[in-house]
Amino acid sequence: MQIAFVGNPNSGKTTLFNKITHQRYKTANFPGTTVEKKVYRTDIDGISTQWIDLPGTYSLHPNSSEQAVVLQYFIEETPDLVVYVLDPLELERQLLLLTQLSDLGMPIFVVFNKMDLVREHQYAVDVEEFSRIFDLPAISVSAKTGDGIDQLRERIEHFIKEKGNTLCSKKWYEAYIEKYRNVLEDLKRVLPAEDNTYRGMLLLSHHDKIAPKWLKEEDRVKLRAIVQSNHFNPIEFQIDDTLSRYGEIEHIVRRIFRKTGSHMTTTERVDRVLTHPLWGVLIFVVMMFLVFQAVFSWASIPMDAIDQGFVWLQRMVGSAMPESALRDFIVDGLLAGVQGVMVFVPQIALMFLFIVVMEKSGYLARVVFLFDGLMRRFGMDGRSLISLLSGTACAIPAIMSTRIIQDQKSRLITLFVTPLMSCSARIPVYIMLIEILIPDRLLLGWINLQGLVFLSLYILGLASAIGVAWVMKRFVRRSGVGMLTFELPMYLMPDWKVVGYEIYDKVRTFVVQAGRIIVGISIVLWFLLSYAPGDPREGTVIVKAESIETSFAASMGKIMEPVIRPIGYDWKIGIGLISAFAAREVFIGTMSTIYHVEESNPEGLKQTLLSAVDPRTGRKVFNTATTASLLIFFVLAMQCMSTLAITKKETGSWKIALLQWLVMTGLAYIAAWLVYIGLS
Amino acid sequence: MAEAVAKVRGKIRSIRDKYLARRLYEMGVLPGKNIQLVRQSPMGRCVYVKSGTTLMALRKEEWEQIEIIPA
């Protein structure tokens, strides 16, 4: 059974969805494969159910590829129940989508959310009258205070068990559909299986924006023919559809909703400061500065604890097991790999904390308003800033988030440059290299010098993203119409539980998806580092490497050494760079494996690296020039195969993914070379 | 600075651009509704607009597509 949660943006739908699914059900979550819709699976009295959270939209007519997900879902599937979440404070606007869904002929449950605010504002909503007019069951809740949530869940569960049916008999499209009679007749001939008039019209209007599984290429050709022979204009149809529905909705709203007074809201008063051309920008910049300071300093405490925990665990396991290949595998391969994933969780969690709070509070929309003008100079739009900011957590969700950008040119540029933003996978590498490069000192008595360098790496990432975008603006052709036009939602105190769930989901996605790759690669690397090609004369293919100098990895590093020598790296760093392609932070694990295997130095990785000497030149391996060059390389290079895979998925083109790799890595190589030459 | 921007308010007569019209209509910003320009963005390329209880951000050129009967 499928239960789909639908509603306008900012209706509190996702908050409600999270509260219902997380609070009670022991759910198996399948995160990450898509951001388009969140799916939870659970059994209720032996009936297997899927709970689906669709992106918020005002209408079934899509304006962006994210909204196309909603339409595609309803063209492809008929859920057993739609839970329609609406915000009674903006009642009129919430009813458009409801009438559209009702015309698709599905059971619908209407949820009046935010009832606490309705009471607070002393508005009056007649839910019973609403239920009577729409012929649909309705319930009032407050996702924030939790009022009515249990009743809602009970009613949904009751519906599932009883296989209930709540269909609205009214067909809203009847008010205007006469105008499209000829189109409808053609449509019936071409798609006889489509028995729903409204769904047929939606498919005809938007068949070029969606790809339902069952729609064959020959069907598309036929649909195009209908559009042409009838001079059918999808935009006109959408306008007719929308205005006709609103015509009826306006009357209904007057019967069920009473509002007292229309004064300036708190939101508008707050916006006088936060969207002020001067103060608004200043507040944003200061806030970002504090966020980065916080991510840097707060996360270090749990990160140290995780590191020490793993050191302890490795020692325990190491001493409990007899010396064997299995012990080496568990301690140096598996545990080291898991550590590489876990150490990273505090920073991802903190970064998402800030992004989710900004989004949930409504502030993110103001940021878009403030910076759209600036972003457009570089071929992007205000929404791109959200993707770029998310890119500081992880490029993968950030590239997915470019779907909210309607203009295809802006979207392409944004997703191309987003990986240049310093993602959290770079953080451990930055920290390690900065600690080697920069003394732990205070500047002017209060500014942490390492923190300052850390911030400047972020600025370098941002600057190069903007620079590349600026160049691309000149080369990418514009297609379609770009529009901004978005709602500035009411400011809300975020629901902290939901913020927690969202962070948990994102961290989980990282641990499960990226983590698998990281652990896998670190095991492969452990193998490459500990084993060597055998001697065919003795009949062995693989033997345990006597030292790292003879291992498989060493051969690989040595092969690439001529390429990386000019920017100051030896073959060991080369191994690190190979491994970093799995995920950048693996670099640390590799370096510790390389140096741990070679010379188990108890003082920790930093001390080991600081004292490492290149036997050929007699110079320190991690001298100033090499370390700085490496830092710059990590800022700019495309070293993440998951990102390339996601670029390919989102653009449908390997060419763009490859170009992204070439541009970033080329840029990185040149910049690292300049830094190396300049400093040595 | 923001307060110095000439305030425009009135009723929506029509929206010239059809792409913009369908977007605004679906948000419930319809002909006959009140609309008011509240302020401009830092580089003056976006406007902060209020219609009914809805607060929105629009680009300057989008705003210019809205025909307004001044109040």
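Predicted model: local features only at pLDDT ≥ 70, side-chain atom pairs only at ≥ 80, totals over all residues.
How many of the 6 residues of strand 4 of chain B are buried? Residues are numbered from 1 along each chain as its sequence is written, and chains are lettered from A and ligands numbered from 1 in the order in which they are written. In strand 4 of chain B, 5 of the 6 residues are buried, so the strand is largely enclosed by the rest of the structure. A residue is termed buried if 20 or more other C-beta atoms lie within 10 Å of its own, exposed if 12 or fewer, and partly exposed in between, with C-beta atoms placed from the backbone. Helices (H or I, at least four residues) and strands (E, at least two) are DSSP runs, numbered from the N terminus.

Between the chains, strand 12 (residues 486-487) of chain A pairs with strand 4 of chain B in the antiparallel sense over 2 bridges. Glu487(A) has Met56(B) as its bridge partner in strand 4 of chain B. Within chain B, strand 3 and strand 4 run antiparallel and are joined by 6 bridges, with Leu55(B) of strand 4 as the bridge partner of Lys50(B). These two strands form a hairpin with 2 residues between them, and Gly52(B) in the turn has a positive phi of about 60 degrees. Strand 1 (residues 9-15) and strand 2 (residues 34-40) of chain B also pair in the antiparallel sense, over 3 bridges; Arg9(B) stands opposite Gln36(B) in strand 2.

The contact between the chains takes 34 residues from chain A and 29 residues from chain B, two residues being in contact if their C-beta atoms, placed from the backbone, lie within 7 Å. On the side of chain B that touches chain A, two or more residues each come from helix 1 (18-26), strand 3 (46-51) and strand 4 (54-59) of chain B. Helix 1 gives the most to this side, with 9 residues. By residue class, this side of chain B comprises 17 nonpolar, 4 polar and 8 charged residues. Ala, Val, Leu, Ile, Met, Phe, Trp, Tyr, Cys and Pro count as nonpolar, Asp, Glu, Lys and Arg as charged, and the others, Gly among them, as polar.

Phe369(A) lies in helix 16 (residues 363-377) of chain A. The residue is buried, with 28 other C-beta atoms within 10 Å. Not counting residues up to four places away in sequence, Phe369(A) touches Thr275(A), Gly382(A) and Leu488(A), together with Ser41(B), Cys46(B), Tyr48(B) and Ala57(B). From Phe369(A) to Gly382(A) the C-alpha to C-alpha distance is 6.5 Å, and the two are 13 residues apart in sequence.

Chain A contains 29 helices and 14 strands, and 44% of its 680 residues count as buried. The C-alpha trace of chain A spans about 85 × 65 × 55 Å along its principal axes. Helix 3 (residues 91-103) of chain A has 13 residues and reaches 19 Å from its first C-alpha to its last, close to the 18 Å expected at 1.5 Å a residue, where the expected span is 1.5 Å times one less than the number of residues. In helix 3 of chain A, 12 of the 13 residues are buried, so the helix is largely enclosed by the rest of the structure. Just after helix 3, Gly105(A) takes a positive phi of about 75 degrees. In helix 15 (residues 345-361) of chain A, 17 residues reach 24 Å from the first C-alpha to the last, close to the 24 Å expected. Of these 17 residues, 13 are buried, so helix 15 of chain A is likewise largely enclosed by the rest of the structure.

Key. Pairing = 2+ DSSP bridges.
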